[in-house]
Amino acid sequence: MNPPVKYGLIFFSLLLLACNVNAQVEQICAESGLNPSLDSPFAHVPYVFGRVALKDFDPGAKLPNVTVALVDNQSTSRWSVGKTGNYCFKLKSSNSTLIVEVDGVEVARRTLASFGASQQREDFEIYSTQSQKSIPPKAVSAKFFHPVNPKTVELYKKTAEAESRKNSEKAIEHLKEIVSIDPADFIAWAQLGILYEDKNLLAEAESAFRKSLELKIEYAPAWLHMGKIRVAQKQLEAAIEIFKHVTSIEPTSARAFQLLGETYLQARQGTLGAEALNQAIKLDPTGMAESHLLLAHLYNLAGAKQLAAREYKIFLTKQPNHPDKKKFEQYIKNNPE
């Protein structure tokens, strides 16, 4: 291959991934009235965005009120999640925590990583407790249940308080005490791993995730974070195998297929990447809408401009108010099917 062409394709691949991230944040944040592109690409204004997916809820019943809160040392911002499940916040602090509440009850909490990235996606899957309708939905399904240990309840409260104060060191200390009291608490081990991962202590994070998986081998959240660690370490083939495993144990997880697809693309395996992204779209047509944009770029790179135009057209049916709407419409006009 001609060197200029070779390096041009490498550059285009990197640009492609950057465009996908930009498309994700623009599409999702548009619902909250935010427009990251107006902040200028040179300003690197940080955003955290994502989707809250409700799992195993009765489709005939009224959906609960879902709220996402962003807590930092300056203030607390809240976003009421609509039908799409999307949320978006502009970050004001390098240390922040996302809290998901269902009908006023906290069901999930996540400390944000501080890697200097301008855009960060965090998705949540909230499972309903089918057998006990009067009990608020849980953050994990019954197959990930761990019995409450009376000896660690207070420590869990202290962990949450430490995280809300952005004191990750204290939170880690409490979690280490929890697993010393209850070594079988695979959820605590995984949370410990997440906090280590947030501090970029990848070796410690991996050790904690491995312990969680030794206790509960099918615990998908731990596997997903293991995959993210492999991506951070540039071990793309290993990450691909991990994400493939997650899709096998959680075949309805659109997020797992999305991560698999994006990792395939980083590994320059376009065909497999397209297959995984299409599956993510199939599982969650609205939440994974931005995957159409990445597919369109891939088809355009391959010279299949009509297929690229089709992806843009489908995307606009799902996100008709996207900031780049006119650009996509012009592409569709120039490349009719």
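Buried residues are those under 20% relative accessible area, exposed residues those over 50%, and partly exposed residues those in between, with a 1.4 Å probe and protein chains only. By this criterion Arg230, at 10% relative accessibility, counts as buried. The model is predicted, so local features need pLDDT of at least 70 and side-chain atom pairs count only at pLDDT 80 or more, while totals for chains, interfaces and linings use all residues. Residues are numbered from 1 along each chain as its sequence is written, and side-chain values use heavy atoms, with hydrogens and water left out.

Salt bridges were examined next. Side chains of opposite charge can pair when their charged atoms come close. A salt bridge is defined here as a side-chain nitrogen of Lys or Arg within 4 Å of a carboxyl oxygen of Asp or Glu. The structure holds nine. One of them joins Glu206 and Arg230, at 2.7 Å from N to O. This pair links distant parts of the chain: Glu206 belongs to helix α5 and Arg230 to helix α6 (residues 220–232), 24 residues apart. Helices (H or I, at least four residues) and strands (E, at least two) are DSSP runs, numbered from the N terminus. Helix α5 covers residues 202–215. Glu206 is buried, at a relative accessible area of 15%. Contact means heavy atoms within 4.5 Å. Leaving aside neighbours within four places in sequence, Glu206 touches Met226, Ile229, Arg230 and Gln233. A network of salt bridges links Glu206, Arg210 and Arg230.

A second salt bridge connects Asp123 with Arg255, where the closest N and O atoms are 3.5 Å apart. Asp123 is buried, at 14% relative accessibility. Arg255 is buried as well, at 14%.

Lys170 and Glu173 also form a salt bridge, at 3.3 Å from N to O. These residues are three apart in helix α3 (residues 168–181), and so about one helical turn separates them. Lys170 is partly exposed, at 32% relative accessibility. Glu173 is partly exposed too, at 43%.

Helix packing was then described. Two packed helices are described by the angle between their axes and the distance between the axes. Axes are lines fitted to C-alpha atoms, for helices over the stretch in contact, and angles run from 0 to 180 degrees between N-to-C directions. The axes of α3 and helix α4 (residues 186–198) come within 9 Å and cross at roughly 155 degrees. Helix α3 is therefore roughly antiparallel to α4 (under 35 degrees is roughly parallel, over 145 roughly antiparallel, 65 to 115 roughly perpendicular, the rest oblique). The crossing is left-handed, meaning that the near helix is turned anticlockwise from the far one by less than a right angle; clockwise would be right-handed. Helix α3 contributes Ala171, Ile172, Leu175, Lys176, Ile178 and Val179, and α4 contributes Ala188, Trp189, Gln191, Leu192, Leu195 and Tyr196.

Helices α10 (residues 291–301) and α11 (residues 305–318) pack at about 165 degrees, with axes 7 Å apart. Helix α10 is thus roughly antiparallel to α11. This crossing is left-handed. Residues of α10 in the contact include Leu293, Leu295 and Tyr299, and those of α11 include Leu307, Tyr312 and Phe315.
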